[in-house]
Amino acid sequence: MGAPKSGAEWWEIKGIEFPRGPSNGILCTLFFMPFSGRRPGRPTMTERAATVKRDTLETQIQVTLNLDGDGSCRLETGIPFLEHMLEQVARHGLIDLDISARGDLHIDAHHTVEDIGITLGMAVARALGDKKGIRRYGHAYVPLDEALARVVIDFSGRPGLEFAVSWPRARIGEFDVDLFREFFQGFVNHAQVTLHVDSLRGVNAHHVAETVFKAFGRALRMALEADPRMGEAVPSTKGSL
Ligand SMILES: [Mn+2]
């Protein structure tokens, strides 16, 4: 791995190899990039960014993100509708997101969608670190015309998904809507969050999906932002999350 370069601010890059990852038989390599310096204008919270690379026989995925970004994103997944949804997470979560994914799309999009959720969850957990000074809880209601979704998230340290979305149709273009639950389950398991996703109404499946992902981005933003009154405290009476 590269050594830190000279200058007022630099990345410390540590490569950590895990021959066996959280799932059986996968090779999982993490490039963990905590930021050692302080950025002007952000005096209380160190930069929260991470790159995670996850390779299996089914998919090869790399996610780079910055939780304190401006919502810019670069997506290369081979699944256009999922990219449309991930753009919403970046834009409404104000998270910079760079995702490259290659998967066994000749079978179907299942492995690729699930594994992008897993790798995104890992990257968020890595970037977030010890959760000091964050709001921890986030929620959002987002409408799009007739559709309305509510997403509530807790960076609890425990994976839990409640997913109450009924789809007006089985596919959006080529995209199988069953895969959205797989995406969120993968994310939840690896970000270690409690996530409640409810579609409250909607007759257009594209609208339903878009409200869910926009609300997810908004809820993420609220939960991950600094709470000035929390200071350096971990938002739990246990003292850790
Ligand atoms: Mn749309």
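## Contact between H1 and H4

In this predicted model, helix H1 contributes Met85, Gln88, Val89, Arg91, His92 and Gly93 to a contact with helix H4. The residues of H4 that they meet are Ala209, Glu210, Phe213, Lys214, Phe216, Gly217, Arg218, Leu220 and Arg221. Sorted by class, the contact of H1 with H4 holds 6 nonpolar, 4 polar and 5 charged residues.

## Helix geometry

Two packed helices are described by the angle between their axes and the distance between the axes. For H1 and H4, which spans residues 205-224, the angle is about 35° and the axes are 7 Å apart. The crossing of H1 and H4 is right-handed.

## Met85

Met85 lies in helix H1, which covers residues 80-93. Is Met85 buried or exposed? Met85 is buried, because 23 other C-beta atoms lie within 10 Å and the cut-off for a buried residue is 20 or more.

Leaving aside residues up to four places away in sequence, Met85 touches Ala209 and Phe213. Between Met85 and Val212 the C-alpha to C-alpha distance is 8.9 Å, while the two are 127 residues apart in sequence.

## Confidence

The protein chain has an average pLDDT of 86, and 81% of the residues score at least 70. Over residues 1-44 the pLDDT is below 50. That stretch has 52 contacts in the model beyond near neighbours in sequence.

Terms used. Residues numbered from 1 in each chain as written. Predicted model: local features only at pLDDT ≥ 70, side-chain atom pairs only at ≥ 80, totals over all residues. Helix = DSSP H or I, 4+ residues; strand = E, 2+ residues; numbered from the N terminus. Buried ≥ 20, exposed ≤ 12 C-beta atoms within 10 Å, placed from the backbone. Contact = placed C-beta atoms within 7 Å. Axes fitted to C-alpha atoms, helices over the stretch in contact; angles between N-to-C directions. Left-handed = near helix turned anticlockwise from the far one by under 90°. Nonpolar A, V, L, I, M, F, W, Y, C, P; charged D, E, K, R; others polar. pLDDT = per-residue confidence, 0-100.
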